[in-house]
Amino acid sequence: MIRWTRRAPQWVVALVAVYVVVLVFVGAASHVADLVRSGLHPYAWAPEWLNLYWSSLAAFDSLAALLLVSGRRAGMDLTCVITATDLMANWYAVYGIQHSGFFAQPGLQRLTAFTLLVLATGPFVRSRLSHSHSIV
């Protein structure tokens, strides 16, 4: 058992668990699958910088999850940065490149909901975490 979870309120532990599950099993897993399948440029329709950003999330999503599991504030900070920038990148891709819309893109809808959850609850969760904790 990770020590910080014994001291933290249950709602903080539950939110961290939700963040970690989404970061690892949705975010990192899909970006790793894209890397394995197509390399650093999985989306031919997207500019190189956007492909590289999304590919980098395979590492950053995993790092944020590890830091969160460790009870570190840096994990919450990184999760907020990742979700906000990923949402901006996806909105740009949907509207600016694909000329589509929010209601036609279920993935964008889910990412928007998750980002709103993270940004709305993140400061409260962060205040219950520490600058540094051991992983055990």
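Predicted model: local features only at pLDDT ≥ 70, side-chain atom pairs only at ≥ 80, totals over all residues.

A: An axis here is a line fitted to the C-alpha atoms of a helix over the stretch in contact, and the angle between two axes runs from 0 to 180 degrees between their N-to-C directions. Two packed helices are described by the angle between their axes and the distance between the axes.

Helix 2 covers residues 10-38, helix 5 covers residues 106-127, and the two pack with their axes 11 Å apart at an angle of about 140°. Angles over 145 degrees count as roughly antiparallel, under 35 as roughly parallel, and 65 to 115 as roughly perpendicular, with the rest oblique. Helix 2 is therefore oblique to helix 5. The crossing of helix 2 past helix 5 is left-handed. On the side of helix 2, the contact is made by Trp11, Val12, Leu15, Val16, Val18, Tyr19 and Val22. Helix 5 contributes Phe114, Leu117, Val118, Thr121, Gly122, Phe124 and Val125. Sorted by class, this contact of helix 2 with helix 5 has twelve nonpolar residues, two polar ones and no charged ones.

Leaving out residues up to four places away in sequence, Gly122 touches Tyr19, Met76 and Leu117. Of these, Tyr19 is also listed on the helix 2 side of the contact between helix 2 and helix 5. By contrast, Gly122 and Gly39 are 83 residues apart in sequence and 32 Å apart in space, taken from C-alpha to C-alpha.

Next comes the packing of helix 2 on helix 3. Their axes are 8 Å apart and the angle is about 155°. That angle makes helix 2 roughly antiparallel to helix 3. Helix 2 and helix 3 also cross in a left-handed way. From helix 2, the residues that meet helix 3 are Val16, Tyr19, Val20, Leu23, Val24, Gly27, Ala28, His31, Val32 and Leu35. From helix 3, their partners are Trp54, Ser55, Leu57, Ala58, Asp61, Ser62, Ala64, Ala65, Leu68 and Val69. By class, the contact of helix 2 with helix 3 has 15 nonpolar residues, four polar and one charged. Val16 and Tyr19 take part in the contact with helix 3, and both are named in the contact with helix 5.

Helix 3 (residues 48-69) packs in turn on helix 4, where the axes come within 9 Å and cross at roughly 155°. Helix 3 is thus roughly antiparallel to helix 4. This crossing is left-handed. The residues of the contact of helix 3 with helix 4 divide into 18 nonpolar, four polar and two charged.

Thr79 is buried, with a relative accessible area of 0%. Setting aside neighbours within four places in sequence, Thr79 is in contact with Leu23, Ala64, Leu68 and Val118. Among these partners, Leu23 belongs to helix 2, while Ala64 and Leu68 belong to helix 3. Val118 is listed for helix 5.

Charged side chains are the next topic. Side chains of opposite charge can pair when their charged atoms come close. The structure holds two salt bridges.

One of them joins Asp77 and Arg126, with N and O 2.5 Å apart. This pair links distant parts of the chain: Asp77 is in helix 4 (residues 73-97) and Arg126 in helix 5, 49 residues apart. Asp77 is partly exposed, with a relative accessible area of 32%, and Arg126 is partly exposed too, at 30%.

In the other, Arg37 pairs with Asp34, the closest N and O atoms being 2.4 Å apart. Arg37 and Asp34 are three residues apart in helix 2, so about one helical turn separates them. Arg37 is exposed, with a relative accessible area of 60%, whereas Asp34 is buried at 8%.

The last stop is the loop between helix 4 and helix 5, where His99 is found. Most residues other than glycine have a negative phi. His99 has a phi near 55°, which is positive, although the residue is not glycine. His99 is exposed, with a relative accessible area of 63%.

Conventions
Residues numbered from 1 in each chain as written. Heavy atoms only, no water. Helix = DSSP H or I, 4+ residues; strand = E, 2+ residues; numbered from the N terminus. Left-handed = near helix turned anticlockwise from the far one by under 90°. Contact = heavy atoms within 4.5 Å. Nonpolar A, V, L, I, M, F, W, Y, C, P; charged D, E, K, R; others polar. Salt bridge = Lys/Arg side-chain N within 4 Å of Asp/Glu carboxyl O. Buried < 20%, exposed > 50% of the residue type's maximum accessible area, 1.4 Å probe, protein only.
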